[in-house]
Amino acid sequence: MTDVTHEGDAGPQARAPGMRCGTFNVLHGRALRGDGRPVPFAPGDPRAPLATAVAALDVDLLALQEVDRFQDRSGLVDQAAVAAAAMDAVDWRYASAVHGRTVPGRGWVPDPEVPGARLYGPGGGSGAAGAAPSLGIALLSRRPVRAWRVLRLAPAPVPLPLRVAGRAGLVLSRDQARAALAAVVEGERGAFTAVALHLSFVPGWNARQLRAVRRWIVDLPRPWLLLGDFNLVGPLPRAVLNGPLGGEWADLARTPTYPAHRPAVQFDHLLAAGVGEAAGGAVCAPRTGISDHRPLLAELPL
């Protein structure tokens, strides 16, 4: 386990040996004010804020959460494709957790005609005409990928009061379906499995989802790497994965990532099995121009 503090505005600097891996909840590419409230997209290219933030990270493998595909609120762009181009990914996939769109005055309106957990990738179309808008996660790689796999995670059955960016007080929020996206990646030391996650915000339900993902990847090549917004704080994800008797899962980066303007808690995690307890190096959580989360990055021997 590596304990660090977050970096300032300059972002990550020197590259250490190995692969730089990271996770970033991008909040649909939204910029924030200094107090953490979101601001409208500025006139011009709606792709620019997300592309600039991702390019500055200089990562080899990146998991993204709260990614829009053809949503009005983010300029009708395929944000996974934008991020992949910005980091020069050689392969990538986007997994839709839910299809639908945000409607002023009504909030999120799901599309009952399109199932969740649908996989999209390069060559999937560059325009919104005829495409079902969705919200999901993505996994982007500068290394070749042998195989992809997606898992739908059912939403929690109960709502929960939450703090929402731009809203005062607590907002009673219903959970949405989630997805896990796995890739068998050709690393410098051989194949390994990377999994992008965005788990439920409902306590207990997110732990149940995490254990389901652990079971889901047992037949995939080791080492295993989980990257994402787990909505579980600090050491909890490791405890869930290892159980009361302990186990091999290691927490590779311990530093607060939320809220971005003044990080106090860690919802975003990099956990691995099969790479060793002290594998994480050069960990950072740099400030970017978007999102209410900071990205979490680490150099790993993969």
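Trainee: Which residue's backbone oxygen lies 3.3 Å from a polar atom of the side chain of R20?

Mentor: Keep in mind that this is a predicted model, where local features need pLDDT of at least 70, side-chain atom pairs count only at pLDDT 80 or more, and totals for chains, interfaces and linings use all residues. Residues are numbered from 1 along each chain as its sequence is written, and side-chain values use heavy atoms, with hydrogens and water left out. R20 is found in strand β1, residues 19-25 (strands are DSSP runs of E, at least two residues, numbered from the N terminus). The backbone oxygen 3.3 Å from its side chain belongs to L57.

Trainee: Is R20 buried or exposed?

Mentor: Buried means under 20% relative accessible area, exposed over 50%, partly exposed in between (1.4 Å probe, protein chains only). R20 has a relative accessible area of 3%, so R20 is buried.

Trainee: With which side chain does the side chain of R20 make a polar contact?

Mentor: A polar contact is a pair of N or O atoms within 3.5 Å; within protein, one must be able to donate a hydrogen and the other to accept it, and residues adjacent in sequence count only if both atoms are side-chain atoms. At 3.0 Å, the partner of R20 is the side chain of E299.

Trainee: How many strands does the protein have?

Mentor: Strand β1 is where R20 sits. Counting the secondary structure gives 4 helices (DSSP runs of H or I, at least four residues), and the strands come to 16.
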